[in-house]
Amino acid sequence: MQTHLPLQGGGLKEGVLSFALIQASHTHRRVTAGKNGPVVSVFDFPKDEKLVSKRKRNLKTAMTWRSPLALVRDALRGQRAREKELRNLVSNLPYEGLEKRKQPNRFFPSNAIKTTKYTPLFFIPMNLFEQFHRLANIYFVGLAILNFIPVVNAFQPEVALIPICVILFLTALKDAWEDFRRYQSDRKLNNTPCYIYSRKEKQFLERRWKDVRVGDFVRVVCNEIVPADLLLLHTADPKGVCHIETSNLDGETNLKQRRVVSGLCISIPDFEPESFNSIVVCEKPNNNLNHFKCYVEKPDKEKVGAGIESLLLRGCTVRNTDHAVGFVVYAGHETKSMLNNGGPRYKRSKLERKLNIDVFFCVILLFTMCFIGALGHFVWLLARPGVPPYLVPDTNGHLDSPSLASFYMFFTMIILLQILIPISLYVSIELVKIGQIFFITNDSDLYDEETDSRMQCKALNITEDLGQIEYIFSDKTGTLTENKMVFRRCSIMGAEYPHKENAIRLAVLDEPESEEEVIFDQSPRPRQMSWSLDAEDANPVGKPPRGSQRRSSVAVHTQTDVAFSSPLETEVIPDKRLLQQISRAESCSSRKTDPYLDFFLALAICNTVVVSMATAQRRRTSVSPRSSQISGSVDTLSNLVKKAGNLLSSCQLTSKRNRSLSEEAVIQCVKMEKTVDTNRHQTCSLHPPSQGARPSAASDDLCYEAESPDEAALVHAARAYGFTLLARSPDSVTVRLPSGEDLEFELLDTLTFDSNRKRMSVLVRHPITRELVLYTKGADYAIMELLGTPYAEHLRGGQKNIAADTQYHLDCYAKDGLRTLCISKKVVTDKVYESWLVDRKKALAAIDNREELLMNTAVQLETNLTLLGATGIEDRLQESVPDTIVALREAGIHVWVLTGDKPETAVNIGYACRLLEEEDLVINMSSKNKVTCTSILDCTLEEVRRHMADPRNVDTTPNISLVIDGETLTMALSPDLQNRFVDLAKRCRSVLCCRVTPLQKSSVVKVVREKLKVMTLAVGDGANDVNMIQAADVGIGISGQEGMQAVMASDFALSRFKHLKKLLLVHGHWCYTRLANMIIYFFYKNVAYVNLLFWYQFFCGFTGTTMIDYWLMIFFNLFFTSAPPIMFGIMDKDVSAEMLLGVPELYRTGQGKGEYNFLTFWISILDAFYQSLVCFFIPYLAYQDSDIDIFTFGTPLNTISLFTILLHLSIEIKSWTIVHWIIMLGSVALYFIVTLAYSAICVTCNPPSNPYWIFQSQMADPMFYLICIISTVVALLPRYTFHVLRNSVAPSPLIQAKHLDRMDPTTRDQWIQEWRSFRGGRPVRRSKLDTPSSSTLEAPDYYPEPLSVSDAMGDDLTLNAVTVNFQRPVQT
Amino acid sequence: MVGKGVASRLRRETMVKDEQESSNRPDNTAFTQQRLPAWQPMLSAGIVIPGFVLIGLAFIGIGVALFVTSQGIQVLEIDYTGVEQKSPCFRCANSNEKNCVCNLEFSIDRLLKGPVFFYYGLTNYFQNYRRYGVSKDDNQLSGDLDYFQSPSDTCSPYEYDNNVPIVPCGSIANSMFNDTFKLYQTVNGVKKQVPLDGKGIAWWSDYNIKYRNPSVTPLKNAFNGTVKPIFWSKPAYELDPTDSTNNGFINQDFLVWMRRAALPDFRKLYRRITHEDYKEGLPAGNYSLEISYNYPVLSFDGRKKVVFSNVSWMGGKNEFLGIAYLVIGSLCVFMSIVMLIVYAKFKFPEED
């Protein structure tokens, strides 16, 4: 029997053999069942998934005869197998060589991908079907069909078909080309080589990607791309680790560790795929790149859980690992990367939504006009007393009754006036947007040199929304700040270590970038001067000039793609006092439990930092633009210079050689900082004494790859104190102590970070004490509430209140704008651990709510922590952030900052980035329960209203800012308080939300957007901003340090926050005004032209006659007048970029209703009616009572409309470049050339018009010109005069700005100043005590005064800042 | 040595970097950076005043010229429909008599300067009716014999007459105006026929290119197996018995009729008076127009008239255009005065 084939393979390992035997017996049973039982029984599968799969497998092998019914059944079953929540997969090897229907995994798609839409055979029908999904095409076809009905046709039927055919043909051509490109890339991917295990050959054979099937074993080697989603079973690494880089998927360049599914124990030393006899049970494929649920069921029924940490995703690149073998879980279209391949984002812009309403008005207008036409025809027919010779009866010589004829006429009119519905507008808008995006992405001001990245537009059709933004919601970390974390200070056991030298070093680092506003400006200025002088002096002659140096440093650092490892972040100068403490602790007998050592051990261990060797650097064969632009460690000249300065400061000996070496150190970046040479010179130093002594060769090449910059900063800080993280594997962490001793901790578990717990922990076994220690690191409030007995209790009495002291330090840090983290420790007994482990394992193997279970186990363990200390990490503001925020606010945009930080930190940053101003009235909302929250809201609202109504404040802008914390925000956003909160927020100039979760961020955006009906923009850089970015009308991702998730979810991707200024104020404004004016113009154009035909109906008995040749009508819209509006939409510039940036108030013109509104639309329609009346009736009156024939009469009409329409546009065009001239004059020339050529060639073509020689004869007639001139002038005179008068009598801000723009720069600046103060753009300074201050309205009194030099040098320089209790509930 | 190595490495990597930079950095051209030199016209009162004045004056000039020219054109328009009882054609209009002739007497009190154009005019006649306009066969009219036997569908219902193809087919041809006129000057009681020139009254392009007779001699043979249009009294090849070259589709009157009028009240050129004694125009005196009244117009409230007119470079008499130019020109001048006031009052500070 065929089913026994697996046995015949021979050479099977025992496991497989038994497996096969089990199967055979199953099969046997099943076969008999199949013989006796009804066939239907196949369908009633038992609920047990495992059994089902076995039965299915057996069935497949059992069936030899295939009836059509069986085929259908099989297809149905395949469908069910694919849609089941869980899948059972087995190895393909035992079935190798069998026909397809015997394969166990045949229901799952193969790895071949097909992204093409069409097949060559069915291209035409499928493409047509696709195209007719577009409403416009249906409209066109409907009209063409209407034209084929003889009683209603307006044109020759065949001719009416031409436009739609041309459109369909061109679109089909484009689709075919795109599809062909997709086909080519598919073919290339499908034929990429890979290695699949073959049982016959007993080795991995080279195959193609398309040959990979679910259940295969695939080997990937270093730097190769993974062909399918693989469950990692074996790697070359003895610890079972495989490094991958996911930059192809999410753009993150840091290495990620994947490890072999633990407990399968089949991997040493060589992996035998044939010995794999387990069943892999995994979930249905989904597109979540960060989650995967699966367990492996061994033959002995033991279940081993596996998650995303064991899955190699298709599209990832294997790095630093010689080779790895994986089991294919998902292939082809079911892989996570393919499921993530959504098309481009489609959003509908506000302008387009408004546009659709106006198109609807056009439809109404069209029907009205058609109705008038039909009625007119009816009346006209009734007015004929007899049958005049010009009435043409039908074939039977019979005339339709007037009512029937007018009914038909209605449809004829629709065909005739069809252009009234501007279908071509949609095509034009698309073209305009492509052009606008071209200019945005090509703006060199939005180009970031450091990361070599341009601005990216991901959503192609909302450019104009950028010009209408009213609310901006911004993330703080990484968006406003650099997200380059620098260790600043720490507090251990309640003692503060200010790290003065470190602060000075950072200050020096800042110096060359003088435009950057440093928040924590404690460094003495005079000293900086001398520092940089030192550095200059030290530069020997022959050093390259600064410029080239900068270039080279930039050049070099893009090459080394290591996350978070610029010198700025890696170097920490230790605090002397702390060093002494440590050395005391080291020498002390109780060293194993010393809190100082524990603190630094925790810094070194408690993280997920991957250590890689510089020698094993990733080899990059090609640098794709994406991956190069997000390289995180690019440096500037400043760092290089500072680097030098730093080295100089630490060691007095300097030589040319030394210098160049240090440069090299920077260049390589991975070589941590000290070459042997430099080390030798560092005799005197602030560095730990042990540093010079330690064997440098091993640790110098270390390179830390952290997923978050905080972690990297902490590891580097620990390293500075001699606690060097040497290696990390899934099971162990090695740390070198200052004494030079290497400790290898057994890593029992890592409780990873999540945003609910806001902490992470590692559980290790101390190699010396054999204690189980849990180190936890997390947000202060997340740790503080879990503290058990303070560490210090069994120490000296004076230190009892460590927690209180640390809290005090934390508050100070926060006030300085530092990010705080608490470090704690817990010793776990073996007994507790064992019982906990059981739960943990259960949670790990769970498929349903695994996350929740895992979190519960983590919470379970993280109790009774002992506080070790806290760290303060600095995150510096990005360049020009304050400028940008001020400009945005002047532009009338409300800026909200939503951050997860503590209120103190947030407020401080708020002042630093000028979100809050000193004279602002800051309302601080914080309450624990809803009742207080409600009363605070009411009270504040009342206060604010009174403030606004106060006559003393009429002429001043209300500078009210709101600070609210996450808890209060939740209450304020509850449905009953929502309206009040929004009402309050509306009146605030800026709002700062602290401690908010990602979900809250998005709900804030949603509430504001829906309640206030405003345009919102969200900007963020991290995964926690994705919700917010997607909730807002416009989402902007900053491609910063935290990977690309925000960028992937965004509509526009920037590299710096400051680019937002130009993007909104200049590009946004331009895109909006351009598009708005273009659309208005387009409506005007169509109405003006079509109305000519309409007016003529009054003189031809409403019979649908055209006096213009049909071809010329088509050409008129297609060629003669299409390019100018598109160019207008792409290139017009109402005000120069300099003015828009200099006077942000100009942005307000686009906000709210903007330029494209009800009024402008109807004015332009009315103008169109007027102009068409003029264009028709002046020639009519001029040719009255003459022997003019129809098409000779139509020629001047057509020409006049051309001139009117083009000159109308030239009134609207604000600035004329060479392109404008070429296109405008080109259009006119084209009209004359084409019309002349057409009238010269077309003798009998296109009846009934026969335009032969008509245009020529008209052009020989002076009357033609005279009529054209006067009609054009009369048509445009009102609009022109209106523009002139408005610009003179009441110029709009834009016109005024344009006037200013023409002045020479100095007077212009003067004018801008005066003008802005006149317009009230700049907030008038006012005393903050204008209002009766109440308890709810408190002016900020905690803003730290700028510190003097002497202060900065003092020991407790910032700790004496006044503390204000932010948490204090405000009484009402 | 180390230094050298570093230097060379630096150089190499700088070069690599340069390549990358050029790949991603936007081109710094005036076009891509939207910095093309531009002319920014400023529409404000101060600037447009000269323009308005110039346009106004030019228009007034043109207007005067047009008005004067138009005044110089003499037009004599006589209605002969025969609606009124006293009208000489009343009888013809109200009877179905074939070839009814009526005489219209009129007098000219001063010389109608030549060349005089002799038009016939129709009112309330919708030659621009859509289906009327379609009702012809261009191929047939260009002399293609295939279409003689099977005219185009567009001609329906004037396509076949009892299954015999109609040539020329269609409604336009069928409804051809068939009144004929003879003009006499009464000199001393004697009627002296005024020679009418029927050549060159149609468009040159129609006569020479668009319309063609089939190249069959005699022309009559080409029309074998076809019938004349229903309303016609004689076939197409006998339209002008006096001139054999003026027959068939290139008959001038036929061509004039086939060029459809744009508006329902129209005139069409019938003859020109350019010969012999009347080269200088129609002298003052009494004239008699002999009308062969055939074309029915009362069924649609239409009117028929004859028009004698001389023409200028601007065509026939039309006062509208001259007046329009004068009005608009004056308006422009007036506007410029308004602008001046506005300018004086609201001028933007930097304009001075």
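Hi everyone, let's begin inside chain A, with helix H10(A). Its buried residues are Ala405(A), Ser406(A), Met409(A), Phe410(A), Thr412(A), Met413(A), Ile414(A), Ile415(A) and Leu416(A). Please keep in mind that this is a predicted model.

What do those buried residues of H10(A) pack against? In chain A, they meet helix H6 (135-148), helix H9 (350-383) and helix H37 (1059-1097), and from chain B comes helix H4 (130-134).

Helix H10 of chain A covers residues 402-416, which is 15 residues, so at 1.5 Å a residue it should span 21 Å. The end C-alpha atoms are 20 Å apart, which agrees.

Val166(A), Phe169(A), Leu170(A) and Leu173(A) make a nonpolar patch of about 390 Å². One of them, Leu170(A), sits in helix H7, residues 157-190. Here is a handy thing to remember: an α-helix has 3.6 residues a turn, so residues three or four places apart point the same way.

Let's move over to chain B, which has eleven helices and twelve strands. Its radius of gyration is 34 Å, well over the 20 Å that the globule rule gives for 352 residues, so chain B is more spread out than a compact globule. Along the principal axes, its C-alpha trace spans about 125 × 60 × 40 Å.

How much of chain B is buried? Buried residues account for 49% of its 352 residues.

Technical notes. Residues are numbered from 1 along each chain as its sequence is written. Chains are lettered from A and ligands numbered from 1 in the order in which they are written. This is a predicted model: local features need pLDDT of at least 70, side-chain atom pairs count only at pLDDT 80 or more; totals for chains, interfaces and linings use all residues. Side-chain values use heavy atoms; hydrogens and water are left out. Patches are made of residues with over 30% relative accessible area and no salt bridge: like charges are joined within 9 Å, nonpolar side chains (Val, Leu, Ile, Met, Phe, Trp, Tyr) within 5 Å. Accessible areas come from the Shrake-Rupley method with a 1.4 Å probe; for residues, only the protein chains shown count as cover. A salt bridge is a side-chain nitrogen of Lys or Arg within 4 Å of a carboxyl oxygen of Asp or Glu. Helices (H or I, at least four residues) and strands (E, at least two) are DSSP runs, numbered from the N terminus. The radius of gyration is taken over C-alpha atoms; the globule rule is 2.2 Å times the number of residues to the power 0.38. Buried means under 20% relative accessible area, exposed over 50%, partly exposed in between (1.4 Å probe, protein chains only). The expected span of a helix is 1.5 Å times one less than its number of residues. Contact means heavy atoms within 4.5 Å.
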